[in-house]
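Welcome to this short tour of a protein chain. Please take a look at the sequence and the fold below, and then we can walk through them together.

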Amino acid sequence: MEKKLQELALKLLDLGKRNRLLNFKDTGYKTLEILNQNIENVFDKITSGQVLNFYSLDSILKKYNDVIEGNDVTVSEYSKGKVYDIVKSNLRPNDILGYKKGILLTKILKSIEKDYNNILLEKGINPLYLSFGLVKYTNNKNEY
């Protein structure tokens, strides 16, 4: 009997590529990377129920880009390190610095909010996930 229960338990966890909790896929407007340097501090604040705000990044990057003449890089294409260096002195203790190269922060946040509200209304479940750290590995030339 115990062996059958163990077999059933193994079937409950989907280890296939369709399980988005195990196999992360960085999709355009559905994911966002947090650039805060002290991620443990962010985790502690979230788990203690503190209210955190996303730092208004787009306008700061636009101003920064306008100051630099002859810059061929658009504001949404800066590297993560450059973005952090630009705004680190302006971050308040409860600010979250989110960024995705190539996409404005406001567009990503609006997309995530829209999807959240739709799924919450249709299915009654909370579709938001926050991951602290990812594992990347290669097996037979396939990257997971």
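## The nonpolar core

Let us begin on the inside. The largest nonpolar core has 12 residues: L35, Y55, L57, L61, Y78, V83, Y84, I86, V87, L97, Y99 and L105. A nonpolar core here is a set of buried Ala, Val, Leu, Ile, Met, Phe, Trp, Tyr and Cys residues joined through side-chain atoms within 4.5 Å. Buried means under 20% relative accessible area, exposed means over 50%, and partly exposed is in between (1.4 Å probe, protein chains only). Helices α3 (57-67) and α4 (80-87) each give at least two residues to this core, and the largest share, four residues, comes from α4.

## About the model

This is a predicted model, in which local features need pLDDT of at least 70 and side-chain atom pairs count only at pLDDT 80 or more, while totals for chains, interfaces and linings use all residues. Residues are numbered from 1 along each chain as its sequence is written, and side-chain values use heavy atoms, with hydrogens and water left out.

## The chain as a whole

Five helices and six strands are found in the chain. They are DSSP runs numbered from the N terminus, with helices (H or I) of at least four residues and strands (E) of at least two. Read from the N terminus, the order is α-β-α-β-α-α-β-β-α-β-β. The chain is more spread out than a compact globule, because its radius of gyration is 19 Å, well over the 15 Å that the globule rule gives for 144 residues. That radius is taken over C-alpha atoms, and the rule is 2.2 Å times the number of residues to the power 0.38.

The C-alpha atoms fill a box of roughly 70 × 40 × 30 Å along the principal axes. Of the 144 residues, 21% are buried. Among contacts (heavy atoms within 4.5 Å) with a separation of 6 or more, 62% join residues 24 or more positions apart.

## Salt bridges

Side chains of opposite charge can pair when their charged atoms come close. A salt bridge is counted when a side-chain nitrogen of Lys or Arg is within 4 Å of a carboxyl oxygen of Asp or Glu, and the count comes to five. One of them joins K100 and D26, with the closest N and O atoms 2.7 Å apart. This pair links distant parts of the chain, 74 residues apart: K100 is in the loop between β4 and α5, and D26 is in the loop between α1 (2-12) and β1 (33-34). K100 is buried, at 10% relative accessibility.

Another bridge pairs K80 with E33, at 3.3 Å between the closest N and O atoms. K80 lies in helix α4 and E33 in strand β1, so the pair ties together parts 47 residues apart in sequence. K80 is partly exposed at 42%, and E33 is partly exposed at 39%. D85 and K88 also meet in a salt bridge (3.9 Å, N to O).

I103 sits in the loop between β4 (98-99) and α5 (105-123). I103 counts as buried, at 14% relative accessibility. The C-alpha atoms of I103 and E77 are 7.8 Å apart, although 26 residues separate the two along the chain.
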